[in-house]
Amino acid sequence: MFTWLLEFAIIFLIGLFITFVAVPFAVKKTGITGVDVHKSTKPVIPEMGGLGIAIGLVAAVGVSYILMPTAGLKFAAFLFTALIAGGVGVIDDLHTLGPRIKPLLTAVACLPILLLGTFSSHPYFPLIGRIRLTVVYPFLLPFAVAIPANAVNMMDVLNGAMPATCSIVIGTLLICAILFGQHETAAMCAALLGCLLAFYYYNRYPARVFSGDVGSLMVGASIGALASIGRMEVVAIVTLLPFIMNAFYGLTSIGRLYERKEIVSRPIQLLETGQLAASTNPNAPITLTRIILAAGPLREQEVVKNFLILTMVSSFLALITAALILVGVGV
Amino acid sequence: MKAGLIGIVFFVWVSMLFGVWVTWKFVVPLQLPNPVLGGVAKVWLGAGLAALWLWIWRKIANTYFWQTIKKKKQDTVQACA
């Protein structure tokens, strides 16, 4: 057990250090910028900091392979899934993809898991145990990657929200992977957690770097990959509930897939005081941010704090779900 | 905000577990004389349960949002008066 924990710590630190160094380098090289619309001064911020996360992830997963060479296929499936989704994000950052094309392309990112056969078609369910989904599971795999990828992308609206909430999600998956005896999955969680915490340093309020779609799609797809490879599908769904809620409310209130830029009635408004307020326009999408702000205007950091509380609650419920799975399996 | 939204998260989680249990206990063991018809019935029942779950979830979130907005407006009017 001590050896495992030491390996996770090394992988985590490699991800943390390399990402910390790579983010400034990546944003300097690309030179792509975006406007921080939730500030009255509308500062211009370097985008595509997600490339730094990608560099950190490659290094940390590479070290994982050196430490655990028998799990090479799983590491390769995880890394290529993340990189394909990141590639889709790069295209989206440079030439905005349509609201239908983006989910379709992110679904393609599941191919490494499918082709390398690193999934199990017997997922665990709470209280029930293992369920055989031999025929159906491969058809569900594109959704398992595309849904978290796009849900995380839709949550990446405020400074620090994406890396902070995703760190809690991945931390929960790390604990569950250890509980389930999935040490290779725990190593991948440690790698991603290190990268995200380093990125949080740059993205926290007031943000100095944005992740861009390259970062959010890659992190979301990685969470989907971790869930499929580590057989933690239900646990991941529960811990991702705030993200799913945000995407679900937005999609159902608009009635179709949409791109943020095409929304005429914005869900939130920036007040002169610098606070954010919920729009009362019935045509605006009902997002999680708008629901949080319904009770009254808040500062950007306060909204992110609410995101964190909700993610902590869902992660706690995910841990109970994991315990119920272990009961069902009879461990 | 926190209590209301946390309540929705909790409802979604409990109803999801309950839905999985109902599906496993009653839908999966369903036997019809024709196995193909049985399979189709299981898929329809499962999809129907999922659709009902999503509909209730959406209804609760919408009601919560507009009620909160309404209450906020009333509070502002009262404060001004």
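A residue is called buried if 20 or more other C-beta atoms lie within 10 Å of its own, exposed if 12 or fewer, and partly exposed in between, with C-beta atoms placed from the backbone. This is a predicted model, in which local features need pLDDT of at least 70, side-chain atom pairs count only at pLDDT 80 or more, and totals for chains, interfaces and linings use all residues. Residues are numbered from 1 along each chain as its sequence is written, and chains are lettered from A and ligands numbered from 1 in the order in which they are written.

**Exercise 1.** Determine whether A:R231 is buried or exposed.

Solution. 
- Check the backbone: phi of A:R231 is positive, about 55°, although the residue is not a glycine.
- Count neighbours: A:R231 is buried because 20 C-beta neighbours lie inside 10 Å.

**Exercise 2.** Classify A:K42 as buried or exposed.

Solution. 
- A:K42 belongs to the loop between β1 (33-35) and β2 (44-46) of chain A.
- Its phi is positive at about 45°, and A:K42 is not a glycine.
- A:K42 has 10 other C-beta atoms within 10 Å, so it is exposed.

**Exercise 3.** Describe the peptide bond from A:Y205 to A:P206.

Solution. 
- Omega is near -10°, and the bond is cis.
- A:P206 lies in the loop between α8 (183-203) and α9 (212-229) of chain A.

How values were computed
Helices (H or I, at least four residues) and strands (E, at least two) are DSSP runs, numbered from the N terminus.
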